[in-house]
Amino acid sequence: MKILLFGKDGLLGNELKFKLGQLGNVVALNRHKTNFLSGNIINFDELIKTIRTFRPDIVVNAAAYTNVEKAEIEYRLAYKTNSEALEIISYETRVLESILVHYSTNYVFDGISNKSWNEDDFANPIGVYGKSKLQGENIIKSSGCKYLILRTGWVYGIQGNNFISKILQLAQEARELKVVNDQVGSPTNVSLLADLSIYAICKIQKDARLYGLYHLTSCGITSWYEYAFFILSWFKNKGFNLKIGPNQIISISSDNYAKSIRPLNSMLNCNLFERKFSVKIPHWKTEVSNYLLKYNNFLFNKN
Ligand SMILES: NC(=O)c1ccc[n+]([C@@H]2O[C@H](COP(=O)([O-])OP(=O)(O)OC[C@H]3O[C@@H](n4cnc5c(N)ncnc54)[C@H](OP(=O)(O)O)[C@@H]3O)[C@@H](O)[C@H]2O)c1
């Protein structure tokens, strides 16, 4: 089994590049050339050459333009990366009759709902990032290739800066900690996302009825404020010395920001994934606790 991974150095790609080895021979690429193969997905000639040379059985695309704020300005680059590149990738995948695994986002929804979003709910993104990702999804769906699209959200991991390390850093520096209370979702451990992706890939290889688009986050719901409260409470309860405790976090509304391009409710309903793949997805609190248990010292001493 030959697997081609794009975006190997990103939060998710970094996790997948090791774990995909369970499935076969992995060539993992970033935007630079490795052994004559280029992983720059917006250099279309090189992209075609890479896929045709390697002839993968499975293409996993973890590369994306992910800066939600900057996408409003660099919209051409966002569309090129998140949608136009998918025309090439899905076309080449279809010709090879291989499988395309791709990731999308809860930001394809406008956030105006009180319930969690289902896969077939109307997608109406409010920012360029979400729009470009939705366009990418649609290109894949209409390409005729065999695909698995996983929409996820609020992903965290040990690599790079993310919400957990940011909150901890601010609490250690005794900086004013204001966190929005009206945007809700489900924090998702990148390790869980990678494990469930691989599990799903194994299943779809055996059962073609499973191809399609699914929501995949941890289960349970929280706001950024409650999430921050949970993180600082965890450290406080374990005896870590923080300059700002959970009760000093200032809860604010998104109205405090001039223009919010982030949906208020971005909670994804993952029942379809659980049902089709016969799996029980863990609660975000369990996952965050396990993550903090594993990495608390590293996170605390990092700042
Ligand atoms: N993280 C989240 O909370 C979240 C939430 C919802 C959905 N997702 C989706 O999950 C997937 C993985 O995201 P992530 O969190 O791992 O994002 P990430 O950490 O920003 O990684 C994205 C990777 O894509 C690479 N990339 C960008 N343009 C490229 C290009 N032209 N050619 C090749 N590589 C390119 C980046 O490389 P450079 O560093 O060189 O630019 C980076 O390594 C994406 O599809 C994203 O939309 C993530």
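This is a predicted model: local features need pLDDT of at least 70, side-chain atom pairs count only at pLDDT 80 or more; totals for chains, interfaces and linings use all residues.
By residue type, the lining of the second largest pocket holds six nonpolar, six polar and two charged residues.

## Helix α5 against helix α9

Helix α9 also takes part in helix packing. The axes of α5 (residues 163–173) and α9 come within 11 Å, and they cross at roughly 50°. Angles from 65 to 115 degrees count as roughly perpendicular and those under 35 degrees as roughly parallel, so α5 is oblique to α9. The crossing of α5 and α9 is right-handed.

On the α5 side, the contact uses Ile 164, Ser 165, Leu 168 and Gln 172.

## Helix α7 against helix α9

Helix α7 (residues 224–237) packs with α9 at an angle of about 55°, and the two axes are 10 Å apart. The helices α7 and α9 are therefore oblique to each other. Their crossing, α7 with α9, is right-handed.

From α7, the contact takes in Tyr 227, Phe 230, Ile 231, Trp 234 and Phe 235. From α9 come Trp 284, Lys 285, Val 288, Ser 289, Leu 292, Leu 293, Asn 296 and Phe 300. The residues of the contact of α7 with α9 comprise ten nonpolar, two polar and one charged.

## Helix α5 against helix α7

Helices α5 and α7 pack at an angle of about 65°, with 10 Å between their axes. The crossing of α5 and α7 is right-handed.

In α5, the residues in contact are Phe 163, Ile 164, Ile 167, Leu 168 and Ala 171. They meet Trp 224, Tyr 227, Ala 228, Ile 231, Leu 232 and Phe 235 in α7. What kinds of residue make up the contact of α5 with α7? There are eleven nonpolar residues in the contact of α5 with α7, with no polar and no charged ones.

Note on methods. Residues are numbered from 1 along each chain as its sequence is written. Side-chain values use heavy atoms; hydrogens and water are left out. Ala, Val, Leu, Ile, Met, Phe, Trp, Tyr, Cys and Pro count as nonpolar, Asp, Glu, Lys and Arg as charged, and the others, Gly among them, as polar. Axes are lines fitted to C-alpha atoms, for helices over the stretch in contact, and angles run from 0 to 180 degrees between N-to-C directions. Helices (H or I, at least four residues) and strands (E, at least two) are DSSP runs, numbered from the N terminus. Angles under 35 degrees count as roughly parallel, over 145 as roughly antiparallel, 65 to 115 as roughly perpendicular and the rest as oblique. A crossing is left-handed if the near helix is turned anticlockwise from the far one by less than a right angle, and right-handed if clockwise. Contact means heavy atoms within 4.5 Å.
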